[in-house]
Amino acid sequence: MNHTEKGRAHEAQLLAMEEKSVAFKNLGSREYQGHKKKVHSVAWNCTGTKLASGSVDHTARVWNIDAHGHGKVKDIELKGHTDSVDQLCWDPKHTDLLATAAGDKTVRLWDARSGKCSQQVELSGENINITYKPDGTHLAVGNKEDELTILDVRKFKPMHRRKFNYEVNEIAWNTTGELFFLTTGNGTVEVLAYPSLKVLHTLMAHTAGCYCIAIDPIGRYFAVGSADSLVSLWDISQMLCVRTFLKLEWPVRTISFNCTGEYIASASEDPFIDISNVHTGRSVHQIPCKAAMNSVEWSPKYNLLAYAGDDKNKYQADEGIFRIFGFESS
C-alpha cells in the first residue's frame, strides 16, 4: 500500500468512526436551580449518580441525577464555608464523600448522604483548586499564592507543602497517580514525579498561559486549555503534542473528556461549548451558552455533560444555575 492509499484508508477509518458517533444533535439540556449566586464548579461522583455544584454563595449542593432525566431532582445543601466554594471533587473510591476548596482558606470533607462536614483543615491561603489522587488516599490543593498542599485524606492533615515561583493555574494526577501535572502562567505544563514532586518534564505547551488540564479516562492523553484560545492534546507516554483543537476564540477556561475518552468538551467566553472528536480533531457539536463558562464536566458513566457559567437574569443578577446536556429531547 503506498502513502496515498494509506492516507485514504486512514481517512475512511476516521469517517466510519464518526458515523458511529453519538448523535449529539438529538440531545438537549436541563437546567438546575438552587444557588443564590453563580456556580463556579461542577463535579460528578464516581458512579455518575450524583453531581455536586460549588458556588460564590458560600455553599455546595449535591444533586441526585437520573441518567435519563426522569423524576424530580432532590438536592441537599452543604453549609459551612464562609467564602466562595471555588472547586470541589469527589472521592474516586466512594460515591458519597466530597471535598470542597474555598476562599475562606479551608478544605472540607462532606458526607453527601447527611450533608454534614466530617473533616476540615485550614490552610495558608485562598484555595482555588482541589483534586483527588486516583486511589483516594491524597488530596492536592492549590491556592491563589501558587502554593500546593498535599493532604493525607485519612488524617486530614497536610503532609507536604510547596510554593512555586510562577503562576500555577490547575493541577491533576494521571490515572495511575505516578505523575502530577501543573499548568502555569508561562505557557508550560510542569510534569512532576509523584510522590517525590521532582520535575520530570517542562513542556512548552502554549504561547500564552495554560489555564486548565484534563486527563483522558483511558490514561493515554491529557489535554491543556490555554489563554491563546487553543486546546492541545498530548500523548502521556511520549509527552508529545498530537493535535490541537481550534474551535474557540477566547481563552479556554475549562475542558473535560467524556467517559470513553472519544470526545473532549471545551469552553471559554465564546457563545458555545465545543465538543470535538479526540481522534479526528473535528468539532462534532456545539452547545449554545449565554455566558462565559466556569466549569464543564462529563459524567464518568454516561454521555451527560454538566456545565456552569456566569449566567445572569434580565436584572443582571447571578442566576445561580447549572445545566446538564445529553438528555433525549422530548
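**Entry 1: a charge network**

I began with Arg-253, which counts as partly exposed at 30% relative accessibility (buried is under 20% relative accessible area, exposed over 50%, partly exposed in between, with a 1.4 Å probe and protein chains only). Arg-253 forms a salt bridge with Asp-310, the closest N and O atoms being 3.7 Å apart (the criterion is a side-chain nitrogen of Lys or Arg within 4 Å of a carboxyl oxygen of Asp or Glu). Asp-310 lies in the loop between E27 and E28 and Arg-253 in the loop between strand E21 (240–245) and E22, so the pair ties together parts that are 57 residues apart in sequence. Salt bridges with shared partners join Lys-38, Arg-253, Glu-269 and Asp-310 into one network.

I noted the conventions here. The model is predicted, so to speak of local features I need pLDDT of at least 70, and side-chain atom pairs count only at pLDDT 80 or more, while totals for chains, interfaces and linings use all residues. Residues are numbered from 1 along each chain as its sequence is written, and side-chain values use heavy atoms, with hydrogens and water left out. Strands (E, at least two residues) and helices (H or I, at least four) are DSSP runs numbered from the N terminus.

**Entry 2: other salt bridges**

How many salt bridges does the structure hold? I found 14. One of them joins the side chains of Asp-96 and Lys-50 at 2.6 Å, N to O. Asp-96 lies in the loop between E6 and E7 and Lys-50 in strand E3 (residues 50–55), so this pair ties together parts 46 residues apart in sequence. Asp-96 is buried at 9% relative accessible area, and Lys-50 is buried at 13%.

Arg-61 and Asp-75 also meet in a salt bridge (2.6 Å, N to O). Arg-61 is in strand E4 (residues 60–64) and Asp-75 in strand E5 (residues 75–78), so parts 14 residues apart in sequence are tied together. Arg-61 is buried at 12%, whereas Asp-75 is partly exposed at 32%.

**Entry 3: Asp-91**

Asp-91 sits in the loop between strand E6 (85–90) and strand E7 (97–102). Asp-91 is buried yet has no salt bridge; Lys-93, the nearest side chain of opposite charge, is 7.7 Å away (Lys and Arg count as positive, Asp and Glu as negative; His and chain ends are not counted). I did find the backbone nitrogen of Lys-93 2.8 Å from a polar atom of the Asp-91 side chain. Beyond neighbours within four places in sequence, Asp-91 is in contact with Cys-46, Leu-97, Tyr-132 and Gly-136 (heavy atoms within 4.5 Å).

**Entry 4: strand E27**

Is E27 buried or exposed? Five of the five residues of strand E27 (residues 305–309) are buried, so the strand is largely enclosed by the rest of the structure. Leu-305, Tyr-307 and Gly-309 point one way, and Ala-306 and Ala-308 the other way. E27 pairs with strand E26 (residues 293–298) in the antiparallel sense over five bridges (pairing needs at least two DSSP bridges). Met-293 has Gly-309 as its bridge partner in E27, and a hairpin of six residues joins E26 to E27. Three bridges join E27 to strand E28 (residues 321–328), also antiparallel, with Ile-324 in E28 the bridge partner of Ala-306.

**Entry 5**

E11 (residues 138–143) and E12 (residues 147–152) pair over five bridges, and Val-141 has Thr-149 as its partner in E12.

Methods:
Polar contact = N/O pair within 3.5 Å; in protein donor to acceptor, adjacent residues only side chain to side chain.
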